[in-house]
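User: I am new to this kind of picture and would like to learn how to read its features one at a time. Could we go through it together, with the general idea before each case?

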Amino acid sequence: MSTYDVVLLIEQGLSEIDARQVYSLHEQVEEQVCYHLLLPVENAAARIESGIGALGAGEVMAAPAMAISNEGVEELQKELLQDCREELASSVALLTAAGARAHGTPVTDEPIAALTAKVAEVDAREAIILTRSHVVAEFFHLDWTSRARRKLGVPVLHLLEHETFDGQAESFGEEGVTGL
């Protein structure tokens, strides 16, 4: 039996609702559906710089990222990678509990490049991107979904994570989720 491969680029771990809804999109597919989840690992240096900048230290310190040692950044990066792996394991378990076959991969590269590579690697039939709403990026077509649609030759569906399909339909009027 052939497989129907779907690549999911997720911004954070799936909720039970996310897993059930994603699986429901493919219940009628006759082939064995296999989900390939990609979750970007947060960048430790960017997180530290952002945190210091949020405290207003950017005005006081010329190079906020230098306030933390390289060892500190490396340790934080290891923790962030471990957190990513745990979120992926949880997401895979939720999809499996819903009845799906699923695999997860932490992403350290640029997310759309990783999505493009995975779609090509598994010869995916479609891609799904689950994110929070990013109104400004979406308006300027700089969001993951817009960028993926320009690069991929497969349908790309954008869903809002942790929201039911009905909730998404209310957010977007009668259109529902952003489309194929």
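Analyst: Let us begin with helices, which are DSSP runs of H or I with at least four residues, numbered from the N terminus. The model shown here is predicted, and in it Glu75 has its place in helix α4, which covers residues 70-98.

User: How many residues does α4 have, and what distance does α4 reach from its first C-alpha to its last?

Analyst: Helix α4 has 29 residues and reaches 42 Å between its first and last C-alpha atoms, which is close to the 42 Å expected at 1.5 Å a residue. Just after α4 comes Gly99, whose phi is positive, at about 115 degrees.

User: Which residues of α4 are buried?

Analyst: A residue counts as buried when its relative accessible area is under 20% and as exposed when that area is over 50%, with partly exposed in between. In α4 the buried residues include Val73, Leu76, Leu80, Cys84 and Leu88, whereas Glu75 is partly exposed, because its relative accessible area is 42%. Glu75 also gathers with Glu79, Asp83, Glu86 and Glu87 in a patch of negative charge on the surface.

User: How many salt bridges are there, and which residue forms one with Glu16?

Analyst: A salt bridge is a side-chain nitrogen of Lys or Arg within 4 Å of a carboxyl oxygen of Asp or Glu, and by this rule the count comes to three. Glu16 pairs with Arg20, their closest N and O atoms being 3.0 Å apart, and both residues lie in helix α1 (residues 16-24), four residues apart, or about one turn of the helix. Within helix α5, the side chains of Lys118 and Glu121 meet at 3.4 Å, N to O, and these two residues are three apart. Lys118 is buried, since its relative accessible area is 14%, while Glu121 is exposed, with 59%.

User: Why does the salt bridge of Arg125 and Glu31 tie together parts that are 94 residues apart in sequence?

Analyst: The side chains of Arg125 and Glu31 meet at 2.7 Å, N to O. Arg125 lies in the loop between α5 and β4 and Glu31 in the loop between α1 and β2, so the pair ties together parts 94 residues apart in sequence.

User: Is Ile128 buried or exposed?

Analyst: Ile128, which is found in strand β4 (residues 126-131), is buried, because its relative accessible area is 0%. The C-alpha atoms of Ile128 and Leu37 are separated by 9.5 Å, although these residues are 91 apart along the chain.

Key: Residues numbered from 1 in each chain as written. Predicted model: local features only at pLDDT ≥ 70, side-chain atom pairs only at ≥ 80, totals over all residues. Heavy atoms only, no water. Patch = residues over 30% accessible without salt bridge, like charges linked within 9 Å, V, L, I, M, F, W, Y side chains within 5 Å. Areas by Shrake-Rupley, 256 points an atom, 1.4 Å probe, with all protein chains shown as cover. Lys, Arg positive; Asp, Glu negative; His and termini not counted. Charge placed at Lys NZ, Arg CZ, Asp CG, Glu CD. Buried < 20%, exposed > 50% of the residue type's maximum accessible area, 1.4 Å probe, protein only. Expected span 1.5 Å × (residues − 1).
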